[in-house]
Amino acid sequence: MSASYENRRTFAIISHPDAGKTTLTEKLLLSGGAIRAAGQVRARGERRRARSDWMKIEQERGISVSSSVMTFERGGVIYNLLDTPGHEDFSEDTYRTLTAVDAAIMVVDAAKGIEAQTRKLFEVCRLRDIPIITFVNKIDREGRHALEILDEVQEALALDVSPQTWPVGMGSDFFGVYDWQAKKFHTSDGERGGPYTQTKDVTGLDDPILTEFAFDRIMEELEENVELGAEGYAAFDHESFLEGHLTPVFFGSALRDYGIEELLDFIAKFAPPPHSQSATGGRTITPDENKVTGFVFKVQANMDPKHRDRIAFFRLCSGTFKRGMKLKHVRAGKQIAVTAPILFFAEEREIAEEAFPGDVIGIPNHGQLRVGDTLTEGEDIHVTGLPAFAPEILRRVRLGDTMKVKQMRQGLQDLAEEGLVQIFKPDLGSNWIVGVVGVLQLDVVVDRLKAEYGAEIGFEPVNVSTARWIETDPATLQKMIETHRMSIANDRDDRPVFLFKNAWEVGYVGEKYPDVKFRETREIV
Ligand code: GDP
């Protein structure tokens with residue numbers, strides 16, 4: 001792989017389920033030469049699913065739970081595509097993955113526009129000022145008018161939109177895609193609406209290549225779009241894009257290969273190289289620093305249930321990583337030797353000899369590394385900005401066989417460290433409480449504890465509607481514990497948490513302790 005961080009483009013695709021993320025991922029990989037045949041992203045997913053039991057849930061419900069990394073090279077650029085689960089119950093995982101990217105492609109279904117999950121994920125990108133490229137997918141089907149979609153993106157997300165390409169007809173009248181600035185017509189040499197095969201240079205909208213090919217009314221509409229588009233929407237401004245205020249919009253069809261090359265070319269040219277990363281003590285880590293720093297944004301445990309292995313996904317923020325390097329695990333205060341780092345290509349994994357800022361490597365471990373951990377060449381800093389969210393769904397764990405208490409606790413602790421659930425150990429009583437953001441996570445917990453730890457559990461309702469991290473001085477904390485012992489618990493890192501019965505209690509206790517902060521999120525370091 002080429003040796004610089006400047007040619008790294010680390011990005012994710014965000015979308016509402018069904019908008020076409022899987023299809024687009026596959027086509028990007030195909031175009032980048034990373035896979036050889038369509039169907040492999042899905043096939044690979046299925047192989048992976050078959051490997052461990054809990055992933056049956058993914059299969060049964062047709063959703064993708066686990067995220068991973070796909071690296072490929074095209075035209076001297078290294079693309080690191082981080083996959084994000086689309087289902088809203090796993091959005092926490094997605095949020096953290098988004099802390100590890102420098103740009104995102106937002107896929108919008110041309111018939112549906114901005115959907116709930118797109119909006120939520122977009123908000124996370126906005127919080128982090130991640131530049132967004134919009135891909136309006138499925139224009140080979142009947143969809144909404146191009147201008148209507150642009151207006152919706154602009155209004156719903158309060159973003160300037162800058163159309164880069166236009167559809168030449170949609171649905172049964174779909175002829176291709178027109179790049180109005182480069183004057184290129186992307187089309188099929190087969191039947192109308194067939195898959196993309198060729199790009200024709202044209203002199204403009206009156207070029208016979210276009211006019212003799214597409215229906216008159218399609219050409220009229222295209223002319224109108226181009227005209228209105230140039231007047232009514234923002235011209236592309238690189239700075240504004242990098243700051244997250246403007247999104248370039250591409251129309252395409254992932255299924256029929258329209259828009260894929262344009263996206264990759266655009267990312268290579270305009271998407272940012274690895275960003276600076278803030279850390280504790282007011283430190284900003286820049287990618288051109290010599291020493292290695294990075295953080296774990298995801299942990300995938302038990303990929304092979306026979307071995308308790310875990311892969312920590314580590315995003316490099318600075319320095320040149322070399323295989324075998326000893327890095328400081330800041331939280332644990334220990335050195336670890338990274339002897340078998342993994343690079344994830346679409347079809348295979350390889351041992352990484354070297355990695356650069358922006359790259360993601362997998363570090364196999366037996367539980368030492370967890371989400372939010374920072375590794376450095378000695379410096380005592382923690383990367384900041386990886387949130388844990390106060391769960392809204394809480395359940396008490398009920399164990400089937402009390403002999404398995406140890407296995408259950410180990411399992412829950414492991415899953416908490418993976419970031420799948422949060423656990424709360426009440427000050428009174430021995431039954432742990434599990435907190436999740438979406439109910440589907442509960443099924444995954446039951447399934448995995450059984451399959452991987454041999455512990456059969458169930459859940460009972462608990463009179464808690466939300467948890468908040470308590471931030472106060474030790475004396476006040478002690479006083480709170482004495483007065484509200486029933487409501488206090490510790491999280492997996494033994495940080496104190498208040499388990500509130502309802503919104504009223506949040507207000508009531510808040511008023512009683514005006515100097516105490518009850519946090520809805522906390523940094524995971
Ligand atoms: P995901 O849930 O966002 O990953 O969506 P998928 O990639 O699985 O696509 C959902 C469905 O939409 C599948 O049946 C795809 O074949 C279909 N699809 C994806 N892209 C296109 C497209 O450009 N045109 C059409 N007509 N269908 C598409």
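Trainee: Which residue in β27 is the bridge partner of I393?

Mentor: V436 of β27 is the partner of I393. Before we go on, this is a predicted model, where local features need pLDDT of at least 70 and side-chain atom pairs count only at pLDDT 80 or more, while totals for chains, interfaces and linings use all residues. Residue numbers start from 1 along each chain as its sequence is written.

Trainee: What makes β25 and β27 a pair of strands?

Mentor: Two strands pair if DSSP finds at least two bridges between them. Strand β25 (residues 393–399) and β27 are joined by 4 bridges, so they pair, and they run antiparallel. Strand β26 (residues 422–426) also runs antiparallel to β27, with 3 bridges, and I423 stands opposite V434 there. The names come from DSSP runs numbered from the N terminus: strands are E runs of at least two residues, helices H or I runs of at least four.

Trainee: What lies between β26 and β27 in their hairpin?

Mentor: There are 6 residues between the strands, and G429 takes a positive phi near 90 degrees.

Trainee: How do you know that both faces of β27 are covered?

Mentor: I433 and G435 are buried on one side of strand β27 (residues 433–436), V434 and V436 on the other. Buried means 20 or more other C-beta atoms within 10 Å of the residue's own (12 or fewer is exposed, in between partly exposed; C-beta atoms are placed from the backbone).

Trainee: Which residues make the contact?

Mentor: K27, L28 and S31 of α1 meet I260, E261 and L264 of α10; contact means C-beta atoms, placed from the backbone, within 7 Å.

Trainee: What surrounds the ligand?

Mentor: A shell of 16 residues, the closest being G20, K21, T22, T23 and L255; a residue is near if its C-beta atom, placed from the backbone, lies within 6 Å. Helix α1 (residues 21–31) gives the largest share, 3 residues.

Trainee: What is the strand order in the open sheet?

Mentor: 7 strands line up as β2-β3-β1-β4-β5-β11-β6, with mixed pairing. β2 (69–74) and β6 (160–163) each have a single partner strand, so they stand at the edges.

Definitions and conventions: Contact = placed C-beta atoms within 7 Å.
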